[in-house]
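Student: I have a model open and would like to learn how to read it. Could we go through it together, feature by feature?

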Amino acid sequence: MNILVTGVTSGFGKQIAADFIAAGHTVVGTGRRADKLAQLQQELGERFLPLGFDVADKDAMAVAFDSLPADFLPNIDVLVNNAGLALGLEPAHQADLGDWQTMINTNTLGLVNVTHAILPHMVAKNDGLIINISSTAGNYPYFGANVYGATKAFVTQFSLNLRADLLGKNVRVSNVEPGLCGGTEFSNVRFKGDDDKASKVYENVQFVSPKDISDIVLWLANQPKHVNINRLEVMPTAQTFAGLTVYKG
Ligand code: NDP
Ligand code: 8X3
């Protein structure tokens with residue numbers, strides 16, 4: 001199969017790319033950091049095609065896609081929309097507007113850009129699978145998640161709406177909604193390089209790992225074509241969604 005995975009320079013995407021390559025597939029892997037992409041190409045070999053661009057920049061995306069062999073884009077079997085980030089954990093009234101805009105541009109606009117470029121090809125060949133990496137943050141509010149959670153709610157609803165429009169087209173859509181996952185750069189990015197603060201998030205918790213997520217993604221990709229897993233929410237056993245809060249002033 002031909003797979004396109006966004007955000008392979010670390011975390012889930014890196015593991016997903018490696019596991020698809022190990023399973024014999026060809027992977028186009030994207031990200032902004034050219035050095036990480038080059039390093040990954042060394043590790044994964046010639047069935048890995050690196051593609052450096054910012055998903056929020058549709059012109060840069062178009063240039064990058066044009067650089068691929070002509071037959072690649074029309075023949076993508078699986079698109080994994082994984083690139084994304086959280087910035088900050090401040091309450092909404094103290095959050096940075098630039099951070100909000102970056103999250104919206106990356107997590108929603110970026111995911112829409114890539115999907116819009118690939119989807120018509122999948123419909124034309126009457127076959128394809130889109131796996132969107134959303135989050136439990138799109139399902140349950142938590143303190144400081146404000147715009148991050150809202151972008152992931154967008155991803156989840158976009159996945160469901162894609163399913164509606166793709167009726168009869170044999171293009172499947174699966175929405176993966178992970179909770180607390182460690183072993184990625186997610187919290188290092190969220191806390192803007194404060195690695196001590198980032199590591200505290202995972203202290204004394206057996207978190208879901210990139211390998212756990214990658215196993216789920218490959219499982220989804222290996223379902224028979226008449227089976228569509230609509231949504232898959234996954235948390236560490238050590239996490240719960242309970243937590244309604246009452247302020248007593
Ligand atoms: P990482 O920070 O380790 O990886 C994020 C990846 O996204 C990197 O490869 C990064 O590449 C890429 N990326 C970020 N912004 C852009 C951009 N503008 N253009 C292109 N690529 C971009 O985080 P995770 O692996 O943890 O996260 C992957 C996805 O999973 C995200 O969508 C995240 O929201 C989601 N998620 C994470 C959870 C967690 O607890 N870790 C739980 C639930 C969902 P580069 O910097 O090179 O551009
Ligand atoms: C990442 C999971 O709970 O940190 O989407 O928002 S969480």
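**Reading the ligand contacts**

Tutor: Let's start at ligand 2: one of its oxygen atoms sits 2.5 Å from an N or O atom in the Ser135 side chain. That is a polar contact, meaning a pair of N or O atoms within 3.5 Å; within protein, one must be able to donate a hydrogen and the other to accept it, and residues adjacent in sequence count only if both atoms are side-chain atoms. Side chains of Tyr142 and Tyr148 also bring an N or O atom to an oxygen of ligand 2, at 2.5 Å for Tyr142 and 2.6 Å for Tyr148. On its own, ligand 2 exposes 240 Å², and the protein buries 84% of that; such areas come from the Shrake-Rupley method with a 1.4 Å probe, and for residues only the protein chains shown count as cover.

Before we go on, some ground rules: this is a predicted model, where local features need pLDDT of at least 70 and side-chain atom pairs count only at pLDDT 80 or more, while totals for chains, interfaces and linings use all residues. Residues are numbered from 1 along each chain as its sequence is written, chains are lettered from A and ligands numbered from 1 in the order written, and side-chain values use heavy atoms, with hydrogens and water left out.

Student: Which residues are around ligand 2?

Tutor: Here a residue is near a molecule or strand if one of its heavy atoms lies within 4 Å of it. For ligand 2, that gives Ser135, Ala137, Tyr142, Tyr148, Gly179, Phe186 and Arg190.

Student: And how many residues surround ligand 1?

Tutor: There are 27, the closest being Thr9, Ser10, Arg32, Tyr148 and Thr184. Oxygen atoms of ligand 1 lie 2.6 Å from an N or O atom in the Arg32 side chain, 3.5 Å from a polar backbone atom of Gly179 and 2.7 Å from an N or O atom in the Thr184 side chain. Of the 890 Å² of accessible area that ligand 1 has on its own, the protein covers 97%. Helices (H or I, at least four residues) and strands (E, at least two) are DSSP runs, numbered from the N terminus.

Student: Thr9 is in that list of closest residues. Is Thr9 buried or exposed?

Tutor: Buried means under 20% relative accessible area, exposed over 50%, and partly exposed in between (1.4 Å probe, protein chains only). Thr9 has 10% relative accessibility, so it counts as buried. Look for it in the loop between strand S1 (2–5) and H1; its side chain makes a polar contact of 3.2 Å with the side chain of Arg33.

Student: How do I check a helix such as H1?

Tutor: Compare its span with the expected one, which is 1.5 Å times one less than its number of residues. The twelve residues of H1 (residues 11–22) should span 16 Å, and the end C-alpha atoms are 17 Å apart, which agrees. Now think about sides: an α-helix has 3.6 residues a turn, so residues three or four places apart point the same way. Buried residues in H1 include Gly13, Ile16, Ala17 and Phe20. After H1 comes Gly24, with a positive phi near 95°.

Student: Which residues other than glycine have a positive phi?

Tutor: Asn170 is one of them, with phi near 60°, and Lys192 is another, at about 55°. Asn170 is in the loop between H5 and S6 and, at 49% relative accessibility, counts as partly exposed. Lys192 is in the loop between helix H6 (186–190) and helix H7 (195–200) and counts as exposed at 52%.

Student: What does S6 pair with?

Tutor: Two strands pair if DSSP finds at least two bridges between them. S5 (residues 128–133) runs parallel to S6, joined by six bridges, with Gly128 opposite Val171. S7 (residues 231–234) is also parallel to S6, over four bridges, and Glu177 has Glu233 as its bridge partner there.

Student: How much of S6 is buried?

Tutor: Eight of the eight residues in S6 (residues 171–178) are buried. Val171, Val173, Asn175 and Glu177 point one way, while Arg172, Ser174, Val176 and Pro178 point the other. Pro178 has a relative accessible area of 4%, and its C-alpha atom is 7.9 Å from that of Ile213, 35 residues away along the chain.
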